[in-house]
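Me: I have a structure open and would like to go through it piece by piece. Can you help me read it?

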Amino acid sequence: MKRESVLTVAVTGMNAVPDNPGAGLAVARCLREAYGERIRIVGLGYDALDPGLHRREYCDSAHLISYPGSGADTLLARLAEVHETERIDVLLPCLDAELPLVIALAPQLAALGIRSYLPSAEQLARRAKDRLPELADEAGVATPETLSISNIDFFRDCDRKGWPFPLVVKGGFYDARIATCPADAESAFRAIAAEWGMPVLVQRRITGEECNLTGIGDGTGALLGEVMMKKRATTIRGKAWAGISIQDEGLADAARRLIAALKWKGPVEIEVMRDSQGVYQLIEINPRFPAWIYLSQGVGRNLPALLLSLASGEKPPPLAPPQPGILFIRYAQETIVPLSSFESLMMAGRSPMEDETT
Amino acid sequence: MDKNQAASDQPSALAKPEVLMRLALSDNGFVFDPVTGNSFTVNGTGLAILRRLQHETDLARIVASLCTEFDVVPLAAERDVIEFANLLRNAFK
């Protein structure tokens, strides 16, 4: 039986894989450290091999859900099924591709008793990669010129059209690859179009120092609890493997203007490149926490805990002043999984229930 | 006097103190910039100059202070300060 004081929170994005990890496991870790036994964390994933689903110290139970491509009705039906077992109080989606569906389903989920803290569909659309220049202009933030293309032939003579190499080829949701020649670009185009669909975006390449900011928009235009990070080591795909907290008022100001222009509600990650002239070039706005969100706990600003308090109407936890100079260094580790757990996820779409494991 | 020295005779040619002020310096020469997240190391001479540049923009006063603390002639101290300030200016553009 559920204890009244225990909050049940479902977290997606448990695909904590090295080259492009989802944020779910880091969010769960933040919540566990903030709430301890006062929270039940339900991990939601798409693959029985998603590592986060098997980390019992962070996920009390785990369920597989339908891919976003299956549509809103299928996802709602599956979430309702999970809710029947788990009685979810709050749902925290951590993957970009889920956001359109979860936002569309928010009223139905609320009717089931599942709360969330999400942007509107319009807010989500305005920060999409193909509309970023328009938003950046409104907020007075620089951004590299971006072009939406649907034909691979663009790369044959793009330099003559004013788009010389190197260029960045990007997917609408994920993925960005640097292309130094037409062959590179065509290969990137094919891979990205196959995985993420059309259109594919082409962006002028900016060189400089990449800095990221995460925080929470309160829905009225304010940015809460910003945490900034400079990457110190990256994976082959440019994802942070090590980073250090920074306090850069220029970056914070740019982020505040963007959040105010959007009246953003929910977690956000803002990626910028500080170019050789010291100008912040907006690269992306992600509608979720980043995979490095555990750094927020490290600097005394546990943002997942703040988000949960906002979603559940609790008093927000106190936030420490900005604390530059705290590093995170990721590492790879093996999780041992009993066959019964793997089997249960594969066959029933859920981890063994507590009464089955005791 | 070379070009750098001529330029560096002006206080404005030294690295901006507001940029240097933000640097966290450790006694062992580890330097951290909290705005950019960059870190680097300096030797004892560099650390002594950097500490002075954080609070002082007048080249003559910096040189005098170094000559008081270390066994160095003013000309050599001035050359070291100017050279190091040039490095800093490039590092914190």
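**Strands, helices and burial**

Reply: This is a predicted model. A place to begin is chain A, where strand 6 (residues 167-170) and strand 8 (residues 200-204) run antiparallel and are joined by four bridges.

Me: Which residue stands opposite A:Lys170 in strand 8 of chain A?

Reply: That is A:Leu201.

Me: What sheet are those strands in, and in what order?

Reply: An open sheet of four strands in chain A, ordered 5-8-6-7, with antiparallel pairing. Strand 5 (146-149) and strand 7 (176-179) of chain A are the edge strands, since each pairs on one side only. On average, neighbouring strands of this sheet are turned by 25 degrees against each other, ignoring direction.

Me: Which strands does helix 6 of chain A lie across?

Reply: Helix 6 (residues 182-196) of chain A lies across strand 6, strand 7 and strand 8 of that chain. Its angle to strand 6 of chain A is about 15 degrees.

Me: Back up a bit. How many helices and strands does chain A have?

Reply: Chain A has 11 helices and 14 strands. Its radius of gyration is 20 Å, close to the 21 Å that the globule rule gives for 358 residues, so chain A is as compact as a globular protein of that length. Of those 358 residues, 42% count as buried.

Me: Strand 3 of chain A next. Are its residues buried or exposed?

Reply: In strand 3 (residues 61-64) of chain A, all are buried. A:Ser61 and A:His63 point one way, while A:Ala62 and A:Leu64 point the other way. Strand 3 runs parallel to strand 2 (residues 39-45) of chain A, and four bridges join them. In one of these pairings, A:Val42 has A:Ser61 as its bridge partner.

Me: And helix 10 of chain A, is that one in the open or buried?

Reply: Helix 10 (residues 339-348) of chain A has one buried residue out of 10, so it lies largely in the open. Just after this helix, A:Gly349 takes a positive phi of about 75 degrees.

Me: Now chain B. Which residues of helix 4 are buried?

Reply: In helix 4 (residues 59-69) of chain B, the buried ones are B:Leu59, B:Ile62, B:Val63 and B:Leu66. They cover an arc of only 95 degrees around the axis, which puts them on the same side of the helix.

Me: Why would residues a few places apart point the same way?

Reply: An α-helix has 3.6 residues a turn, so residues three or four places apart point the same way.

Me: What does the face turned away from the buried side of helix 4 of chain B carry?

Reply: That face carries the exposed residues B:Ala60, B:Arg61 and B:Thr68.

How values were computed:
Residues are numbered from 1 along each chain as its sequence is written. Chains are lettered from A and ligands numbered from 1 in the order in which they are written. This is a predicted model: local features need pLDDT of at least 70, side-chain atom pairs count only at pLDDT 80 or more; totals for chains, interfaces and linings use all residues. Helices (H or I, at least four residues) and strands (E, at least two) are DSSP runs, numbered from the N terminus. The radius of gyration is taken over C-alpha atoms; the globule rule is 2.2 Å times the number of residues to the power 0.38. A residue is buried if 20 or more other C-beta atoms lie within 10 Å of its own, exposed if 12 or fewer, and partly exposed in between; C-beta atoms are placed from the backbone. The arc is that of the directions from the helix axis to the C-beta atoms. Two strands pair if DSSP finds at least two bridges between them. Axes are lines fitted to C-alpha atoms, for helices over the stretch in contact, and angles run from 0 to 180 degrees between N-to-C directions. Two residues are in contact if their C-beta atoms, placed from the backbone, lie within 7 Å.
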